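Please look at the sequence and the structure first.

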Amino acid sequence: MQLVIVESPAKAKTIEKYLGKDFKVLASYGHVRDLPPKDGSVRPDEEFAMDWETYRDKASRVKDIADAAKKADRLILATDPDREGEAISWHVKELLSKRKALPKDVDRVTFNAITKQAVSDAMKHPRDLDHDLIDAYLARRALDYLFGFTLSPVLWRKLPGAKSAGRVQSVALRLICEREHEIEIFKPQEYWQVLARMEQDGTEFEARLVRFDGEKLERLSLADEGTAMKATAAVEAGRFTVEDVETKPVRRNPAPPFTTSTLQQEAARKLGYSASHTMRLAQNLYEAGAITYMRTDGVQMDPSAISAARKAIADRYDGHYLPEKPRHYSTKAKNAQEAHEAIRPTEFTRDSAGAGDEAKLYDLIFKRAMASQMAAASLERTTITMRDATGKHELRANGQVVKFPGFLAVYEEGRDQKSEEDEEGLLPMIRKGDTPAKKAVDATQHFTQPPPRYSEASLVKRLEELGIGRPSTYASTIQTLRDRAYVRMEKNRFFAEESGRLLTAFLERFFPRYVAYDFTAGMEDELDDVSGGRAEWKAVLDAFWKDFKPKSDEVMERKPSEVTEVLDEFLSDYLFPPREDGADPRLCPKCGEGRLALRGGRYGAFVACSNYPECKFTRRFAQPGADGEEAEDEVLGQHPETGQDIERKTGRFGPYIQMGEGKEAKRASIPKDLPEFDLDWAVKLLGLPREVGPHPETGEMISASIGRYGPYLVHEGKYAKLGSTRDVFETGMNAAVTMLAEAANRKGGGRAKAEPIKTLGAHPTSGGEIKVMPGRYGPYVTDGNVNATIPKDTKPEDVTEQQAIELIDARAAKGPAKKKRKAPAKKKKA
């Protein structure tokens, strides 16, 4: 028997169909072991010796593989064809060797696509494990461990509120924070544009004023309304004649097929997918045999695939759409290894694959790959120049027409920002000497815009341009920043959070080398040299550790107050920007005498007055230049019934209101969805819970209030979530009864059965219908026999059939949950 090891059960299932009865295919379910998350897992003093620990949830899986290996004549390691795949194969081999279960013959096979042809060819050409790739994995894993486990304790002690730092993660965070700072210091400039609406032979078109009073107009030339009105009057008074009509042919070539990075960028632009969601979908498509391997920085396609693409183009379109020669691409990305093909469909005769989001992503991959082998698009760009009789004023109109669509008939690459040249317009037939009719002249006011915040697509693109990290790790890097709450997403754009900005400032001041773009990119070059056999992995680690360890020890020796003083000076431009009135930005706005400075607290950094405790003025770190009003206690007014003062205060968890003192005091947090907060709202909040009324069926009271997880309704111990604070005070009886009933059905309350969030197909083994269900402890998938929890970073609505099967199979492999035994009752003494 020949034992084949792959990563996932879906991949195992697909491959098993292509191999004979002599083969048994088992899945490792990804990595089987890792460095334990504790000190000493990597020991630099012992030539970077490493301790490995098998994942607890993989113990039964490893046992199954070991049991099968003992009966096998040959072990075939068929994990993915990249560094991580090589590492998984190495780990499996090492574990089997320790258990004395390693067959005599051990081979490594790789394939770029899971098709019968690709798998069969790979089995005919086995090889040994690539130890250069394994060394690169060991170096990268040790490097990330040493960086994180050395720096994190420094952060915990010297920077309250900081959670962790990472070699690539911290540099990506720096990019987001720097962009935030650029936006903050940006000062918009006013400018005006003058547009004339012209008409020739019944066709209207727009022309822009490009020369005024003999001077060429730059973007900011018309800087105020007065100048713009003068220019408008000049255009209205002039009679403009066509001086020149310039027509240029333009060719646009197709973009190459997708790499990991460009797939993430386009899926974000066109489909709105996150990088992690895109990679999950691509993994499913790959394991189903629909596309080639999805972790790649190569842009070339296999010659046979190019031939298949050209045949598909010829079958669908006439001869003009097929270029005479095949197109060949080379990558421009820094650090690209081009070890694998670009991402493409395995068969160009297959128009669709998967369902839902998978189908949309496949469609994107299919069209991009096909378009990459199609003819260039032919366009015609026309520029019309018109001048008045004086020759001092000039109008210009631009237009673009597609003469032959070529690859545009199938696919057009998305862009993060559109330029003025992208706007296509149709211009009338016009000749030199013509005098188009002037319909109207408009002057429009504009302001220069700051650079846009990063989206996932533009951040991935920037990281790749700088050579930071590897495209296959971008999804997890971005997810970590979000999980640590260093950044937040609003309208698909990254905003730097207070904790992220403070961490970046700390690293830039005390560890500038290790968050420098050149250093991080240079480290990637060195790791690539290890994978290429040009460098020794321990030497790379030793060079890093020699500088990094003394630097971290030096910072650890500093007192927290010293660190805060240094950061206060380093961040002074951000925390205390110049005031418009010229006053001292550090002068305390409350006492008028003390100086403001950065301080460190148990729950993070804040700005406080030097006259503390006489002056208790404070403001949050992320309020540069603010007067800190929200931190000051103030009396909102008196309660209409009790006559007691209601005070607005700020505590460690944010703003709140208080009525009374000591144990008898009533308090309530101020909800974030009440921007205009006044005494009336304070009285309402202090009066909670609100009684909606007795339930028409039970006669028991329905109440509305605000709890730890937000506003809610409650009746006989059963809850229903409300949408906003206002709903607590506005929800009526009918709506409350309906919402409680719906909540009971969703949660399985009483006898009502919970409705599935999503229904998938039948499980291939059990035959049971797979459902995505809401649960008391979170959403889960089930086939009626086995329940498996859905990971926290996955939305239940996004779970695919393949993912559900994997989760159920993984849970089934662990065996039934063990029940705790009750301790036997003690016997009474005679």
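## The nonpolar cores

The largest nonpolar core has 97 residues, and Phe506, Phe511, Phe544 and Leu567 touch the most other members. Helix α5 (residues 131-158) supplies the largest share of this core, 13 residues. A second, separate core has 58 residues, among them Phe111, Tyr273, Ala353 and Met370. A nonpolar core here is a set of buried Ala, Val, Leu, Ile, Met, Phe, Trp, Tyr and Cys residues joined through side-chain atoms within 4.5 Å. Buried means under 20% relative accessible area, exposed means over 50%, and partly exposed is in between (1.4 Å probe, protein chains only).

Phe506 is in contact (heavy atoms within 4.5 Å) with Val154, Leu155, Lys158, Leu159, Phe511, Val555, Val563 and Leu567, leaving aside its neighbours within four places in sequence.

## The model as a whole

This is a predicted model, in which local features need pLDDT of at least 70 and side-chain atom pairs count only at pLDDT 80 or more, while totals for chains, interfaces and linings use all residues. Residues are numbered from 1 along each chain as its sequence is written, and side-chain values use heavy atoms, with hydrogens and water left out.

The protein has 22 helices and 32 strands. Helices (H or I, at least four residues) and strands (E, at least two) are DSSP runs, numbered from the N terminus. Of the 830 residues, 46% count as buried. The C-alpha trace spans about 115 × 90 × 70 Å along its principal axes. Among contacts with a separation of 6 or more, 65% are between residues 24 or more positions apart.

## Aromatic pairs

A pair of aromatic rings is described by the distance of the centres and the angle of the planes. Rings of Phe, Tyr and Trp (its six-membered ring) pair if their centres lie within 6.5 Å; planes under 30 degrees apart count as stacked, over 60 as edge-to-face and the rest as tilted. The whole structure holds 20 aromatic pairs. In one of them, Tyr145 and Phe149, the ring centres are 4.4 Å apart and the planes are at 20°, so the pair is stacked. Both residues lie in helix α5, four residues apart, which is about one turn of the helix. Tyr145 is buried, at 5% relative accessibility, whereas Phe149 is partly exposed, at 32%.

Phe506 and Phe510 form a tilted pair, 5.1 Å centre to centre with 45° between the planes. These two residues are four residues apart in helix α14 (residues 498-510), so about one helical turn separates them. Both Phe506 and Phe510 are buried. Ring pairs also link Phe506 and Phe510 into a cluster with Phe147, Phe511, Tyr514, Phe519, Phe544, Trp545 and Phe548.

## Charges over rings

A charge sits over a ring if NZ of Lys or CZ of Arg is within 6 Å of the ring centre and within 35 degrees of the ring normal. The charged end of Arg33 sits over the ring of Trp90, 5.5 Å from its centre. Lys684 has its charged end over the ring of Phe729, 5.7 Å from the centre of that ring.

## One face of helix α13

In helix α13 (residues 474-483), the buried residues are Tyr474, Ala475, Thr477, Ile478 and Leu481. Seen down the axis of α13, they fall within an arc of 165°, so they line one face of the helix. The arc is that of the directions from the helix axis to the C-beta atoms.

These buried residues pack against α6 (169-185), α8 (260-271), α9 (275-287), α12 (456-466), β16 (487-490) and β17 (493-496). Just after α13, Ala485 takes a positive phi of about 60°.

Ser552 is placed in helix α16 (residues 537-557) and is buried, at 1% relative accessibility. Leaving aside neighbours within four places in sequence, Ser552 is in contact with Thr150, Val154 and Phe511. Ser552 and Leu151 are 401 residues apart in sequence, yet 6.7 Å apart in space, C-alpha to C-alpha. The side chain of Ser552 also reaches the backbone oxygen of Lys549 at 2.8 Å.

Thr346 lies in the loop between α10 (303-316) and α11 (357-371). Thr346 is buried, with a relative accessible area of 17%. A polar atom of its side chain lies 2.8 Å from the backbone oxygen of Gly289. Not counting residues up to four places away in sequence, Thr346 touches Ala113, Thr115, Gly289, Ala290, Ile291 and Thr292.

Methods:
Polar contact = N/O pair within 3.5 Å; in protein donor to acceptor, adjacent residues only side chain to side chain.
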